[in-house]
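The sequence and the structure come first, and the text follows.

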Amino acid sequence: MAATSIKYVEFHDEIEVIEEHAFDGCSSLSGCINLLGVKIIKTKAFYGCRALTGVKFGDVLETIQFSAFRGCKSFTSIKMLSVSTIGTHVFANCFCSVQKW
């Protein structure tokens with residue numbers, strides 16, 4: 001069962017992996033999250049976090065797995081420098097563009 005009442009989360013630079021389903025269904029999680037030190041985002045890590053407005057990745061990002069951000073319908077921005085591997089449906093039902101920064 002998802003912790004639907006989580007509204008905010010902050011990641012420090014030493015977090016390298018976001019595990020499968022870590023925030024799956026956290027419908028109250030909002031704002032733009034900074035994942036600057038994250039290397040791997042696993043399957044459905046932020047699936048259905050429909051109040052998130054964006055995500056910013058750092059230059060160490062390697063992999064984003066299947067449906068990691070699927071259903072994040074409030075996204076207005078996705079900022080990334082680079083990524084080696086992107087799974088299928090990663091940003092499905094996210095209605096914004098990806099920007100290189």
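Asn93 is found in the loop between strand 7 and strand 8, the latter spanning residues 98–100. The model is a predicted one. In this model, phi of Asn93 is near 65°, a positive value in a residue other than glycine. Asn93 has a relative accessible area of 37% and is partly exposed.

Lys44 also has a positive phi, near 55°, and is likewise a residue other than glycine. Lys44 lies in the loop between strand 3 and strand 4. With a relative accessibility of 23%, Lys44 counts as partly exposed.

Thr43 lies in the loop between strand 3 (40–41) and strand 4 (52–57). The relative accessible area of Thr43 is 18%. Buried means under 20%, so Thr43 is buried. Leaving aside residues up to four places away in sequence, Thr43 touches Glu20, His21, Gln65 and Phe66.

The place of Ala22 is in the loop between strand 1 and strand 2. Ala22 has a relative accessible area of 39% and is partly exposed. From Ala22 to Thr88 there are 66 residues in sequence, and the C-alpha atoms of the two are 18 Å apart in space.

| Residue | Relative accessible area | Class |
|---|---|---|
| Thr43 | 18% | buried |
| Thr63 | 19% | buried |
| Lys44 | 23% | partly exposed |
| Asn93 | 37% | partly exposed |
| Ala22 | 39% | partly exposed |

**Strands and sheets**

How many helices and strands does the chain have? The chain has zero helices and eight strands. Read along the sequence, the pattern is β-β-β-β-β-β-β-β.

Four strands form an open sheet in the order 1-3-5-7, and their pairing is parallel. Strand 1 (17–18) and strand 7 (85–86) stand at the edges of this sheet, and each has a single partner strand, so one side of each is left without a neighbour in the sheet. In general, strands of a sheet pair through backbone hydrogen bonds, either parallel or antiparallel.

Strand 5 covers residues 63–64 and pairs with strand 7 in the parallel sense over two bridges. Within this pairing, the bridge partner of Ile64 is Ile86 in strand 7.

Thr63 lies in strand 5 as well. With a relative accessibility of 19%, Thr63 counts as buried. Apart from residues up to four places away in sequence, Thr63 touches Lys39, Ile40, Ile41, Val83 and Thr85. One of these contacts, Lys39, is 24 residues from Thr63 in sequence. In space, Thr63 and Lys39 are 6.6 Å apart, C-alpha to C-alpha.

Other pairings involve strands 2, 4 and 6. Strand 2 (residues 31–35) is joined to strand 4 by five bridges, and the two run parallel. Gly31 stands opposite Leu52 in strand 4. Strand 4 is also joined to strand 6 (residues 77–80), by three bridges, and these two run parallel. Here Gly54 stands opposite Ser77 in strand 6.

**The chain as a whole**

How does the radius of gyration of the chain stand against that of a compact globule with 101 residues? Such a globule would have a radius of gyration near 13 Å, and the chain has 12 Å, which agrees. Taken along the principal axes, the C-alpha atoms of the chain fill a box of roughly 30 × 30 × 20 Å.

Of the 101 residues of the chain, 37% count as buried. The accessible surface of the chain comes to about 5500 Å². Of this surface, 49% belongs to carbon and sulfur atoms.

Contacts can also be sorted by the distance along the sequence between the residues they join. Among contacts in the chain between residues at least 6 apart in sequence, 18% join residues at least 24 apart.

The last point concerns charge. The chain has 10 positive and 9 negative charges, and the mean positions of the two groups are 12 Å apart.

Terms used
Residues are numbered from 1 along each chain as its sequence is written. This is a predicted model: local features need pLDDT of at least 70, side-chain atom pairs count only at pLDDT 80 or more; totals for chains, interfaces and linings use all residues. Side-chain values use heavy atoms; hydrogens and water are left out. Two strands pair if DSSP finds at least two bridges between them. The radius of gyration is taken over C-alpha atoms; the globule rule is 2.2 Å times the number of residues to the power 0.38. Buried means under 20% relative accessible area, exposed over 50%, partly exposed in between (1.4 Å probe, protein chains only). Contact means heavy atoms within 4.5 Å. Accessible areas come from the Shrake-Rupley method with a 1.4 Å probe; for residues, only the protein chains shown count as cover. Lys and Arg count as positive and Asp and Glu as negative; His and the chain ends are not counted. The place of a charge is taken as NZ of Lys, CZ of Arg, CG of Asp or CD of Glu.
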